[in-house]
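Here are my notes on the model you sent over.

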Amino acid sequence: MVKIKLISLLLHVNFALNILNLVSANEQEDRMIRPPIPEKLVHRSRLRPDIPLRIISKGDILISEVLFNPRPGGVDFVEIYNNSSHEIDLKDLQLANINSAGEPASIKNVSAVKLMIPAGSYYVITSNQANIKENYHARFPAQFVQIGSLPAYSNDKGSVVLLSNNVIIDRLNYSAKVHHPLIQDEDGISIERVSFSVDTNDPANFKSAAAVAGFATPTYKNSQEVSGKENFVRLTRKTFSPDGDGYDDILNLDYQFAENSMLATVNIYTDRGRLIRKLLKNQTIGTSGTLSWDGLDDSGLKAGIGIYVVVFDVFDLKGSTKRFKNTCVLAGKLN
């Protein structure tokens, strides 16, 4: 009886050890399959409170637009773009210029408190946001960061520098020579980034903001930003009735061009070829946009009911030209 009890007890012990070994083997295999969680992804509660959850890396925040030569009474601004796929805290961002030794100088903190900028959004840093909103169309007026003063940016040439914890993450070496050569007065015209996938200081990556966009696009997509390879000019509708009833009162003309810094002349003719309205005359346009006709002629009088032809001519400094024609109908009530 003693031997039977002893054998039974050993069987129980061996069974328990096998279970423990199996669990241990499974845990070891699981560790091999699933690598340990990177420290940067560990929940904030396990980190020291002074370490941010995400660190701004080079390429996360990029310089998008700069106004360095404002009109008299105006102020400078620097627009930034969140080029990452996640929110970024602007509390970790600094703005600077460059001193004679080529080092960042006049470093300014963008925000003293937590300020999250969503992925794919544009924010404007300036010393007077009311001044910018008064002089330009700001599509997203809440996307401003006002600081006491910006680093000094020369009207001729200089450098705009973005830093994160005193490490340079983007730098634009600008010059007034980047402006469109046909622009005679550069005051109040910003320079805009063409592509976020091209190096900041690529010679063709910054252009003058388009005249049709008001010479600056604070808080939203740049007028000279790459839009697509297709060139088109088309009406959103063929018929409109500018009678003030709030329905189809405006004729909208959408356009897109693969090249930037184009100039455009847009005229409206009657079906007999008589010019009645000049919408644009040799003005810089963006890579995409919309023009509108309110149905009035150049004298401010309402055009008569009938068929009209919208002629859209574009040209660049190389001498290449393109012409687009669209036909529309101005409708109205017959008494």
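1. What pLDDT does the chain average? The answer is 86, and 83% of the residues score at least 70; pLDDT is the predictor's confidence in each residue, from 0 to 100. Over residues 1-53, though, the pLDDT is below 50, and beyond near neighbours in sequence this stretch has 8 contacts in the model (a contact means heavy atoms within 4.5 Å).

2. Some ground rules. This is a predicted model, with residues numbered from 1 along each chain as its sequence is written. Local features need pLDDT of at least 70 and side-chain atom pairs count only at pLDDT 80 or more, while totals for chains, interfaces and linings use all residues, and side-chain values use heavy atoms, with hydrogens and water left out.

3. On the overall fold, the chain has 2 helices and 20 strands (DSSP runs numbered from the N terminus: helices are H or I with at least four residues, strands E with at least two). Of its 335 residues, 41% are buried (under 20% relative accessible area with a 1.4 Å probe, protein chains only; exposed is over 50%, partly exposed in between). Take the contacts between residues at least 6 apart in sequence: 60% of them join residues at least 24 apart.

4. Now the aromatics. The whole structure holds 11 aromatic pairs (Phe, Tyr or Trp rings, using the six-membered ring of Trp, with centres within 6.5 Å; planes under 30 degrees apart are stacked, over 60 edge-to-face, the rest tilted). Take F257 and F312: their ring centres are 5.9 Å apart and their planes sit at 40 degrees, so this pair is tilted. F257 is in the loop between strand 15 (251-256) and strand 16 (263-270), and F312 is in strand 19 (residues 306-315), 55 residues apart.

5. Two arginines are worth a click. R139 has its charged end over the ring of Y220, 4.1 Å from the centre, and R234 lies over the face of F232, 3.6 Å from the ring centre (the cut-offs: NZ of Lys or CZ of Arg within 6 Å of the ring centre and within 35 degrees of the ring normal).

6. Last, have a look at N82, which is in strand 2 (residues 77-82). N82 counts as buried because its relative accessibility is 0%. Its side chain reaches the backbone oxygen of H86 at 2.9 Å, and a polar atom of that side chain lies 2.9 Å from the backbone oxygen of I117. Leaving aside neighbours within four places in sequence, N82 is in contact with residues including D60, I61, E87 and P118.

Technical notes:
Polar contact = N/O pair within 3.5 Å; in protein donor to acceptor, adjacent residues only side chain to side chain.
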